[in-house]
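Let's take a walk through a protein model, one piece at a time. Have the sequence and the 3D view ready.

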Amino acid sequence: MLSRSSAPPFDVVVFDCDSTLSSIEGIEELTAQLPDVQRDDVAALTNLAMDGRVPLEEVYGRRLDLIQPSRAEVDAIGARYLATLTAGALETVRALQFLGKEVAVISGGLAPPVEVVARYLGVAEDRVWAVGIDFDESGAYAGFDAASPLARRGGKAEIVERAFGDSSIVLVGDGATDLEARRVCDAFVAFTAVAERDEVARGADAVCRTDDFAALLPMLCTEEELERLTASGSRAFAQLVERARRPQLWIPGPTRVRPEVLDRLREPMIGHRTAEMRGVIAALDPHLRLAFGLAGAPLHEVGVHSCTATALMEMSLRALAPRASEGDASAPVRVLSLVNGSFSERYAEIAESVGARVTRIVSEVGAPADLAAARVALDQEGPFDAITVCLSETSSGALTEPTEIAGALARRGGAMLLVDAVTYLAAAPIDAARHGFDFVFAGTQKALALPPGLGVYAVSRRMLDAAASAPDRGFFLDLPLITAGHQDQNPPMTPTIPLLRALLYQLETITDGGLEVRLLGEPAAGRSGWELRFARHAKMRAMSSEWLDEHGLQRPGPQAHVTASPTVTCIGLGEPRVPGILAGMRAAGFEIAPGYGVLKASHVRIGHMGDHPVQEFRALLSALSGILHG
């Protein structure tokens, strides 16, 4: 938060455009048609200027000379700005104007597209400053306004000082040129949700790492002003303030859902038997196959059902038929359940609830599933109809690696391998076919970062074929029926249409990779969107391990660093400390969870999954350090 000397109220709020109001850098968007070498040159020049290592005036004209943008290409950036507008930007600008504040946009970007953004936000035309650009009669590039203060070092400060005089001013931006203007402002807020520049963040009065402008409100407004917004009668303003005050959600699910995803839930309703709905369902499959590692794997199908992941557990168990070798079709199915925490135990309990005869292989809490003991049980107590195992045990943060499961259970006498990937899918790679998983599933409210209410799964053709003789599949949880309905884009019951559309939007966003570059804070370097997502979760796991080592703390279980979940860190703190730690983190703006089951009173859990930026996780760990040692 801002110190007393730089705290609100402010008369004037100034926003940068690129990497602040919008998540893109307009100049880099103009390089899309350039050869790779030239594109890299432009990006390097931009970073040198934004980091403050090279004066802006040394690179501004060089970049445009390299690009030679046409009028049509520059105009197209305005549409790209609007398509990548930071969540909450429009509502925040309107809220500030409602409070009587003057809002301005001062950008080193090109004037035509910056003015498009400003008009959309309702910023007065004479409160917008950017760099002019010239074209000839054919629309070809003919130069830029080299005299503009915004094309040189110190230009933003010059404009702020000239335009706003003795007003109380706060500037929000991401780059070195924004930090330079701090000397003529009462406060500078570094907006680092798109790009974090260490020197800029260090020099700021406050840092906003959340990609939602609602998080800026407490830095820009007094508490009394926030109350005015709440009492204004505007539902949009009230919701904006609620978002601003709500701690960031870092529990092991549900996890934070980006406002852009939530917007998909508000789209006009469509019929579930329409061509449009069939198109949505069909479009899901290529992305789901990437999530489950099934590209080019014809012996597995993917599916989506309007239910929770727990329901998919039951679906998989109801799809089992007793082994023909038992000689008695009425005999109960036999399930070998690998239990290493509360949620793997849930799978075993559901098996018992549907009449299965369950043999448990129980591991120490915090340890991975005991695959060696499972191998012995298969050899000595088989045959079994199914084996249940959990990749990422949400209750303890223990990981059982897919490759190790595949190796240990490759010879299983025909038993179906049923795999809980609830806090693993979309955070780390799965190759369902190569690993021999017959049924692997997750809910959408975990690493997929969607609202609860959908289950996604991959199922082998051999399991679907065998399920045809299962005696008690029911209707709502009938695996062959639901899978066939998905394949035909014709679900047997009305699906949760808004959630399916949100799922498609999220999967497309992940596959595209642009969001992942921003959340990871690294260039793509040839990696796909899914590879970047996996790399980000691996990085957060490594950060949590380093943090635990620095503080002399441990995860539960033996060799916990080696077998740590990519999405959940469970930290032993001792029973008296947990309530105070949870309360302290809430006060710091982070909602983390207590332990689960036998660990509830003595541990806390952090869910670093979904769409959390790496830099936000760094801020969370820093806050937790302060509370532990405060």
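## A stretch with a record

Start with residues 348-475, where the chain is 24% helix and 24% strand. An unreviewed UniProt entry lists residues 348-475 as "domain: Aminotransferase class V". Keep in mind that the whole model is predicted.

Now look inside. The largest nonpolar core has 86 residues, and the members that touch the most others are Phe15, Leu121, Phe164, Val189, Leu216 and Leu220. A second, separate core holds 62 residues, including Phe292, Ile387, Leu409 and Ala426.

What is phenylalanine 164 in contact with, leaving aside its neighbours within four places in sequence? The list is Val12, Val14, Glu102, Ala104, Ile106, Arg127, Trp129 and Ile169.

Most residues other than glycine have a negative phi, and most peptide bonds are trans. Here are some places that go the other way.

Glutamine 68 isn't a glycine, yet its phi is positive, about 55°. You'll find glutamine 68 in the loop between helix H3 (60-67) and helix H4 (71-83). Is it buried, partly exposed or exposed? Its relative accessible area is 42%, so glutamine 68 is partly exposed. Alanine 426 also has a positive phi, near 75°, and sits in the loop between strand S16 (416-420) and strand S17 (439-443). Alanine 426 counts as buried because its relative accessibility is 0%.

Glycine 253 and proline 254 are joined by a cis bond with omega about 0°, and proline 254 lies in the loop between strand S9 (248-249) and helix H13 (259-264). The bond from glycine 382 to proline 383 is cis too, with omega near 5°. Proline 383 belongs to the loop between helix H17 (371-381) and strand S13 (386-390).

## A sheet and a helix

Further along, 3 strands make an open, antiparallel sheet in the order S19-S22-S21. Strand S19 (568-572) and strand S21 (593-594) are the edges, each pairing on one side only. S19 is joined to strand S22 (residues 603-607) by 5 bridges, and isoleucine 571 has valine 604 in S22 as its bridge partner.

Among the buried residues of H25 are Phe617, Leu620, Leu621, Leu624 and Leu628.

Notes
Residues are numbered from 1 along each chain as its sequence is written. This is a predicted model: local features need pLDDT of at least 70, side-chain atom pairs count only at pLDDT 80 or more; totals for chains, interfaces and linings use all residues. Side-chain values use heavy atoms; hydrogens and water are left out. Two strands pair if DSSP finds at least two bridges between them. Helices (H or I, at least four residues) and strands (E, at least two) are DSSP runs, numbered from the N terminus. Buried means under 20% relative accessible area, exposed over 50%, partly exposed in between (1.4 Å probe, protein chains only). A nonpolar core is a set of buried Ala, Val, Leu, Ile, Met, Phe, Trp, Tyr and Cys residues joined through side-chain atoms within 4.5 Å. Contact means heavy atoms within 4.5 Å. UniProt positions are given in the numbering used here, feature names are shortened, and annotations may be inferred rather than shown by experiment.
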